Amino acid sequence: MSPIEQVLAAAKTIALNGRTPTMALVKGKLGGKVPMPLLIQGLQQFKAIPKDQWQTLPDLGNALESTKPSANSESQLIEQKLLAQMQQMKNEFEAKIDLLKQRISQLENQ
């Protein structure tokens, strides 16, 4: 989810709680993770959206969950990278072994 969508979701949550979304409230909801220019842009976009269209905006809980990977998904990502590196190394070694076998055959045939 983009930072703008996070701002929109935070503003929606604040507005649904009966408060007017402000820079400070939105920044507080997001924990200071979004740069100020994007906060301003997102808040301006939110204020331009009619109230009857707020339901189309994502919920804040979903917005925050989708932006931070869980420890489990991080470890899975690391595992996938390591497996890919190991497979690449295996392929390189097999190619070198094949070249050495060919060279040995050439030397034996001389």
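Buried means under 20% relative accessible area, exposed means over 50%, and partly exposed covers what falls in between. Keep those cut-offs in mind for the close-ups below, which come from a predicted model.

**Close-up 1. Lys-12 and Asp-59 pair up in a salt bridge.**
Here the closest N and O atoms sit 3.0 Å apart. Asp-59 has 42% relative accessibility, so it counts as partly exposed. Lys-12, on the other hand, is buried, at a relative accessible area of 6%. Lys-12 belongs to helix α1, while Asp-59 is in the loop between α3 (36-48) and α4 (60-67), so this pair ties together parts that lie 47 residues apart in sequence. A search of the whole structure turns up two salt bridges; the other one is up next.

**Close-up 2. Glu-94 and Lys-90 meet through their side chains in a salt bridge.**
From N to O, the gap is 3.9 Å. Both residues are in helix α5 (residues 71-108), and because they are four residues apart there, about one helical turn separates them. Glu-94 is partly exposed at 38% relative accessibility, and Lys-90 is partly exposed too, with a relative accessible area of 44%.

**Close-up 3. Helix α1 packs against helix α2.**
Take α1 as residues 3-16 and α2 as residues 23-30: their axes are 9 Å apart, and the angle is about 110°. That makes the two helices roughly perpendicular to each other. Their crossing is right-handed. On the α1 side, look for Gln-6, Val-7, Ala-10, Ala-11, Thr-13 and Ile-14; they meet Leu-25, Val-26, Lys-29 and Leu-30 of α2. Sorted by class, this contact has seven nonpolar, two polar and one charged residues.

**Close-up 4. Helix α1 also crosses helix α3.**
This time the axes come within 8 Å, crossing at roughly 55°, and α1 and α3 are therefore oblique to each other. The crossing of α1 and α3 is right-handed. From α1 come Pro-3, Ile-4, Val-7, Leu-8, Ala-11, Lys-12 and Ala-15, and they meet Leu-38, Leu-39, Gln-41, Gly-42, Leu-43, Gln-45 and Phe-46 in α3. By class, that gives ten nonpolar, three polar and one charged residues. Spot Lys-12 in this contact: it is the salt-bridge partner of Asp-59 from the opening close-up.

Methods
Residues are numbered from 1 along each chain as its sequence is written. This is a predicted model: local features need pLDDT of at least 70, side-chain atom pairs count only at pLDDT 80 or more; totals for chains, interfaces and linings use all residues. Side-chain values use heavy atoms; hydrogens and water are left out. Axes are lines fitted to C-alpha atoms, for helices over the stretch in contact, and angles run from 0 to 180 degrees between N-to-C directions. Angles under 35 degrees count as roughly parallel, over 145 as roughly antiparallel, 65 to 115 as roughly perpendicular and the rest as oblique. A crossing is left-handed if the near helix is turned anticlockwise from the far one by less than a right angle, and right-handed if clockwise. Contact means heavy atoms within 4.5 Å. Ala, Val, Leu, Ile, Met, Phe, Trp, Tyr, Cys and Pro count as nonpolar, Asp, Glu, Lys and Arg as charged, and the others, Gly among them, as polar. A salt bridge is a side-chain nitrogen of Lys or Arg within 4 Å of a carboxyl oxygen of Asp or Glu. Buried means under 20% relative accessible area, exposed over 50%, partly exposed in between (1.4 Å probe, protein chains only).
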